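Please look over the structure shown below before reading on. The notes that follow are grouped by topic.

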Number of protein chains: 2
Amino acid sequence: MSFSTAPSVSVKLTTSRTLLPRAACALKSQGGDASISSRAYSTHNLQSPPPVVFCLQSKAGAGGGEIYLPSARYEKLLEVYGKVVSVRRLRSFEFRIQVRVRDDVSVYKRVEGVPLSTQWGPQGYFYAIQIAQYGLSHYSKNLTERPPHVEVYDTAEDRDSRASTAPWSVPKGCVLSRVLDKTRATSVRQFSAPESSEGVSLQLGNSKDFILSLDIKFASNGSVSVILETTEKGPPFTIHYVTSTQLIAFKDHEITYGVGPRNVWSTLTRDLLTDLRKGVGLSNTKAVKATKIMPRRVVRLILHGRGFVDNVTISTTAHMAAFFAASDWLMRNQDERGGWPIMVTRKLGEGFRPLEPGWYSAMAQGQAMSTLVRAYLLTKDQVYLDAALKATGPYKVPSAQHGVKAVFMNKYDWYEEYPTTPSSFVLNGFIYSLLGLYDLTETAGEKLGREAGQLFSRGMESLKAMLPLFDTGSGSIYDLRHFMVTTAPNLARWDYHTTHINQLQLLASIDNAPIFKDVVKRWKNYLKGIRAKHN
Amino acid sequence: MSFSTAPSVSVKLTTSRTLLPRAACALKSQGGDASISSRAYSTHNLQSPPPVVFCLQSKAGAGGGEIYLPSARYEKLLEVYGKVVSVRRLRSFEFRIQVRVRDDVSVYKRVEGVPLSTQWGPQGYFYAIQIAQYGLSHYSKNLTERPPHVEVYDTAEDRDSRASTAPWSVPKGCVLSRVLDKTRATSVRQFSAPESSEGVSLQLGNSKDFILSLDIKFASNGSVSVILETTEKGPPFTIHYVTSTQLIAFKDHEITYGVGPRNVWSTLTRDLLTDLRKGVGLSNTKAVKATKIMPRRVVRLILHGRGFVDNVTISTTAHMAAFFAASDWLMRNQDERGGWPIMVTRKLGEGFRPLEPGWYSAMAQGQAMSTLVRAYLLTKDQVYLDAALKATGPYKVPSAQHGVKAVFMNKYDWYEEYPTTPSSFVLNGFIYSLLGLYDLTETAGEKLGREAGQLFSRGMESLKAMLPLFDTGSGSIYDLRHFMVTTAPNLARWDYHTTHINQLQLLASIDNAPIFKDVVKRWKNYLKGIRAKHN
């Protein structure tokens, strides 16, 4: 493939200032034992931070400048903090993405490029919430960050017909050639390197950036390996991406990720920093160990097996690749009920029956909707919208029947982040489920979006009525377990309190009910130690 | 009347240590802006303190030693903190009280001896909650305080037949004589003193005690006046108790209380300290002004009009007189629905319709029950028990139909201290209403008490379910207005929080549901600044 058009790894719509989601307030609380966390949120953070707030906004900028609100008026323009991107530019963006998606159907078959969660199980598992957040986070970073630097190592183009395999090293027993790929209408590298050989390798030598991307198609089992110099003493690390379905392994400076069969063309995009840390941190205990290891230099790329490769690059970021990796993971993994079953046991706490593997989460459903709606808006590919619409399925089914719907006191519908028995009424997860419905309703149009709109309205009615139950007068409560299982209130720590504020501020920008404005004001005051009045 | 039996002003069952209700904890909170109030509660306190906790207890002493719990096993024995009073002594007590009540039916017609509230209206009004608390407070003080000192000034007995009017002064135009009252079978003073005269007067000269008591029967309009030297400079004050229905007036060192016609024998018992302060503090503004004025010496008693007088005493306390004054006020003022209508407008706050004069309060009903049940236990007079049973009436009627019953979320019955629209769910008032039902259920027996028992059970079910909604993780909430009218939580100040704890500790002693024990423990910790955990 040629890079005659814009670099494919990044689509930059605007260069608004970077407003990474963060605790909105770093003021010291006078209220007690909790201090305010202001650490930035990374989707790879292993300590279960509150998620980022996203929503398609009908009134751009109404949420104020303190929180991160990527906002879009989809078909006509994109606005980020009031900066209007021209319709023309958006159109070209959409067009390019459409091409990117359409020219390789195998994009839906990839098994890579999304984070693996280890929060509730040491072996790692795919967690739809984390994957959707990963996608949304990259979607928003693409809107707000500077364009990345892209270093191109090989495009297999005919710049020097004599040295057709340069700059590759091809040891004895291995073969490398340049061939025309008809389906792609571009030159690619064909390689053959037995497992027992050193493999064909490409010198990289990049010390600045760590996002590796390449197009690959295997004709056998095989692997793509990367040699990394790191901040640790001793030999370099090697990360192997192998054509298997294993998830992750680590032994003796060798980290292995399974990336699936890869027998059709696909783009492999990996964050080497993340892959290094996640591998090195791997343990048999519950959580991944924190590690400070950093890559210093990407030394070289090594291929084994038989197949084709093209467009080897290293770049600062590849947000759109990450966004579509997430979107496409969601497309591939949605089940026949429209849900993303979560395959780990979740124990919410005393008094609740554990959620056995296969449960749905309204938060996963909602954040997946938010992701898929954006993929649809970018690509205009109806499959994304259809998947988002289908994702409403579990909202309509009670928790006890494998759905996510709870009803508070026989009156108020609530979509459960954890569809426990008894119900748990987790506030932030519910609001994310509503934001997904909102995004979908706004995007799908009156007819297709009617049902989502009704679910949204019922949920908002519940939220407006029940929100006071989460207000302690000096902070907020994470869920209603105190009422449901007769226990102490599960106070929200400050970063969740801040998430609540951000979410409500967002809702205040799309619904002018006074409660949102009032609660945001009061709950912000709690951050400063200003409590509600006593009698 | 002769004092040949024990002094009638005090019935002392036991001399347990004095445990006046007070804030249970004086520890400093680390939790914020509220400091812990530990001031003792007086029924005359004008700043609307939380009320005292009373309850007949089935398991004596189970509530622990920190709160005040007068406890009784009625017909067989009285226990106060495990000190058992003999059945014989209780029986003689009951007998004496029965005589006291029965020998003068006019006791039900008196208009005096109970406090006048000025909390919500400067002109003063009778408030059933305050009167019941006044009675209960004196009931408990009688159980726990030392017997009072009683100074007897005149019994009209024939100790000195020559100086039959000594020690009285009888100016010109006035008459005083000693006569036999056949209905009372005792000597009494007959007096006649025109309004224009100085009046017949009795030198008192008591600087130690300030509870005046006398038996009186007027044959015309008239008055009993007391001259008081006080801590204020200038002339002494005069307090007039006049045969009118006016409530209270104050002008130029003259304080006037109406005590009704008094044309049959009744006992007038007055706390001169309270009457002095309440009169001097009278103002046209909302609340009575606080004043530090104290009586120094009760100089003399002056009578005007025509009538009879007997048994003039001054004593330290007259708790049983006060208790029966309260009980009998409740008997006289109960209406045909069993309620004690409150004749002032009560505005609970924004979002609530004002309660117009005539509203009932579940707290008044409950505390009246607690009072009347004790009067019944002391006297065995069925009229008290019948009145207590009748007092359940408003519990069964919704607030909107002039009752006190609210229903939370269509599920939980709640008896409203303030039967507002929308409902307000004041916690402490509800618990008092339950304690009244409990006292009544325990006293009335299986058949008569069945309905009260059902109301109690339904209320306890509601309390157990809803109590967590009042828990902020660092304190408690006074009511559910935040949920009902979508506002900030109305945090309970520390003395109300302490009242909540005392009430729940009491409930823990009569119901072993874990919630009471757990909440008491946690809420006590809040007093020490130990908050609930955050997530």
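Helices (H or I, at least four residues) and strands (E, at least two) are DSSP runs, numbered from the N terminus. P422(B) is found in the loop that runs between strand 16 (412-415) and helix 7 (427-448) of chain B. This is a predicted model, in which local features need pLDDT of at least 70 and side-chain atom pairs count only at pLDDT 80 or more, while totals for chains, interfaces and linings use all residues. Side-chain values use heavy atoms, with hydrogens and water left out; residues are numbered from 1 along each chain as its sequence is written, and chains are lettered from A and ligands numbered from 1 in the order in which they are written.

**Chain A as a whole**

- Chain A contains eleven helices and 16 strands.
- Of its 535 residues, 60% count as buried; buried means under 20% relative accessible area, exposed means over 50%, and partly exposed lies in between (1.4 Å probe, protein chains only).
- A contact means heavy atoms within 4.5 Å. Among the contacts in chain A with a separation of 6 or more, 68% are accounted for by residues 24 or more positions apart.

**Where chain A meets chain B**

- On chain A, 36 residues are in contact with 36 residues of chain B.
- About 3,200 Å² is buried between chain A and chain B, and carbon and sulfur atoms give 60% of this area. Buried area here is the accessible area (1.4 Å probe) that two parts lose on being put together, summed over both.
- L491(A), R531(A) and N535(A) supply 22% of the area that chain A buries against chain B, more than any other three residues.
- There are zero salt bridges between chain A and chain B, a salt bridge being a side-chain nitrogen of Lys or Arg within 4 Å of a carboxyl oxygen of Asp or Glu.
- Six residue pairs, both at pLDDT 80 or more, are in polar contact between chain A and chain B. A polar contact is a pair of N or O atoms within 3.5 Å; within protein, one must be able to donate a hydrogen and the other to accept it, and residues adjacent in sequence count only if both atoms are side-chain atoms.
- Helix 8 (450-466), helix 9 (481-484) and helix 11 (514-527) of chain A each supply at least two residues of the side that touches chain B. Helix 11 of chain A gives the most, with three residues.

**Cysteines**

- The count of disulfides over all chains is zero, where a disulfide is a pair of cysteine sulfur atoms within 2.5 Å.
- C174(A) counts as buried because its relative accessibility is 11%.
- C174(B) also has 11% relative accessibility, so C174(B) counts as buried.

**Backbone exceptions**

- Most residues other than glycine have a negative phi, and most peptide bonds are trans.
- The peptide bond from T421(A) to P422(A) is cis, with omega near -10°. P422(A) lies in the loop between strand 16 (412-415) and helix 7 (427-448) of chain A.
- In chain B, a cis peptide bond joins T421(B) and P422(B), with omega about -5°.
- H253(A) is not a glycine, yet has a positive phi of about 65°. H253(A) sits in the loop between strand 11 (248-251) and strand 12 (254-258) of chain A, and is partly exposed, with a relative accessible area of 25%.
- A185(B), also not a glycine, has a positive phi of about 55°. A185(B) lies in the loop between strand 6 (175-181) and strand 7 (186-193) of chain B, and is exposed, with a relative accessible area of 66%.
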